[in-house]
Amino acid sequence: MLYDCVPDLQYKTGERSGSVKSWMKVMQDIAWLTQLGISVTAPPLLCAGAAWWLSARAGLPMWVMLPALVLGFGGSGASVWGFYRYMQRKASRKKAPPSFNRHL
């Protein structure tokens with residue numbers, strides 16, 4: 001390593017403790033959580049906005065909002081279900097055993 005001559009610097013940079021890897025895991029989890037939040041909130045808001053726009057522009061009655069919200073929450077449920085299935089598949093994967101190259 002570049003920092004072998006300075007042992008304190010290895011601990012400060014996180015190379016030995018694995019803190020860099022744990023921070024990357026935290027950042028990945030935050031990204032997944034943010035994506036899930038957007039996937040859950042966007043469909044009902046978009047469907048409600050479209051229904052409101054249609055009722056204002058085309059003169060449709062306000063009860064059109066009810067089917068739009070049902071469709072929006074259905075889309076949110078499908079997103080949550082897909083995320084749940086992905087996490088189950090990810091958790092059930094087995095890690096490959098370490099392999100070593102054999103040089104002759």
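User: Start with Ser55. Where does Ser55 lie?

Analyst: Ser55 lies in helix α2. Keep in mind that this is a predicted model.

User: Why is Ser55 called buried?

Analyst: The relative accessible area of Ser55 is 12%. Buried means under 20%. The value of 12% falls under that cut-off, so Ser55 is buried.

User: What does Ser55 touch, leaving out residues up to four places away in sequence?

Analyst: Ser55 touches Leu60, Pro61 and Met62. A touch here means heavy atoms within 4.5 Å.

User: Where is Pro61, and what makes Pro61 partly exposed?

Analyst: Pro61 sits in the loop between α2 and α3. Its relative accessibility is 37%. Buried needs under 20% and exposed needs over 50%. The value of 37% lies in between, so Pro61 counts as partly exposed.

User: How far is Pro61 from Ala51?

Analyst: They are ten residues apart in sequence. In space, Pro61 and Ala51 are 9.6 Å apart, C-alpha to C-alpha.

User: Now the whole protein chain. Which pattern does it follow?

Analyst: The protein chain reads α-α-α along the sequence. That comes to three helices and zero strands. Of its 104 residues, 12% count as buried. The chain exposes about 9,000 Å², and carbon and sulfur atoms supply 69% of that area.

User: How confident is the predictor in the protein chain?

Analyst: The average pLDDT is 82. At least 70 is reached by 74% of the residues. Among the elements, α3 has the highest mean pLDDT, 94. Helix α1 (residues 7–13) has the lowest, 50. Where pLDDT is low, the predicted coordinates should not be read in detail.

User: How do you know that the span of α3 is close to the expected one?

Analyst: Set the two values side by side. α3 has 28 residues and reaches 41 Å from its first C-alpha to its last. The expected span is 1.5 Å times one less than the number of residues.

User: Which residues of α3 are buried?

Analyst: Met65, Ala68, Gly72 and Ser76. What covers them includes α2 (19–57).

User: What makes Ser76 buried?

Analyst: Ser76 has 5% relative accessibility. The cut-off for buried is under 20%. The value of 5% is under it, so Ser76 counts as buried. Leaving aside neighbours within four places in sequence, Ser76 is in contact with Ser39, Val40, Pro43 and Pro44.

User: How far is the backbone oxygen of Val40 from a polar atom of the side chain of Ser76?

Analyst: The distance is 2.5 Å. A polar contact needs a pair of N or O atoms within 3.5 Å. The 2.5 Å between Val40 and Ser76 falls within that limit.

User: Is Val70 buried or exposed?

Analyst: Val70 also lies in helix α3. Its relative accessibility is 54%. Exposed means over 50%, so Val70 counts as exposed. Val70 and Pro44 are 26 residues apart in sequence, and 8.0 Å apart in space, C-alpha to C-alpha.

User: How many aromatic pairs does the structure hold?

Analyst: The structure holds three. Among them is the pair of Trp81 and Tyr84.

User: Why is the pair of Trp81 and Tyr84 called tilted?

Analyst: Check the distance, then the angle. The centres lie 5.6 Å apart. Pairing needs centres within 6.5 Å, so Trp81 and Tyr84 pair. Their planes are 35° apart. Stacked needs under 30 degrees and edge-to-face needs over 60.

User: Which residues form the aromatic cluster?

Analyst: Trp32, Phe83 and Tyr86 form one aromatic cluster.

Key:
Residues numbered from 1 in each chain as written. Predicted model: local features only at pLDDT ≥ 70, side-chain atom pairs only at ≥ 80, totals over all residues. Heavy atoms only, no water. Helix = DSSP H or I, 4+ residues; strand = E, 2+ residues; numbered from the N terminus. Buried < 20%, exposed > 50% of the residue type's maximum accessible area, 1.4 Å probe, protein only. Areas by Shrake-Rupley, 256 points an atom, 1.4 Å probe, with all protein chains shown as cover. Phe/Tyr/Trp six-rings, centres within 6.5 Å; stacked < 30°, edge-to-face > 60°. pLDDT = per-residue confidence, 0-100. Polar contact = N/O pair within 3.5 Å; in protein donor to acceptor, adjacent residues only side chain to side chain.
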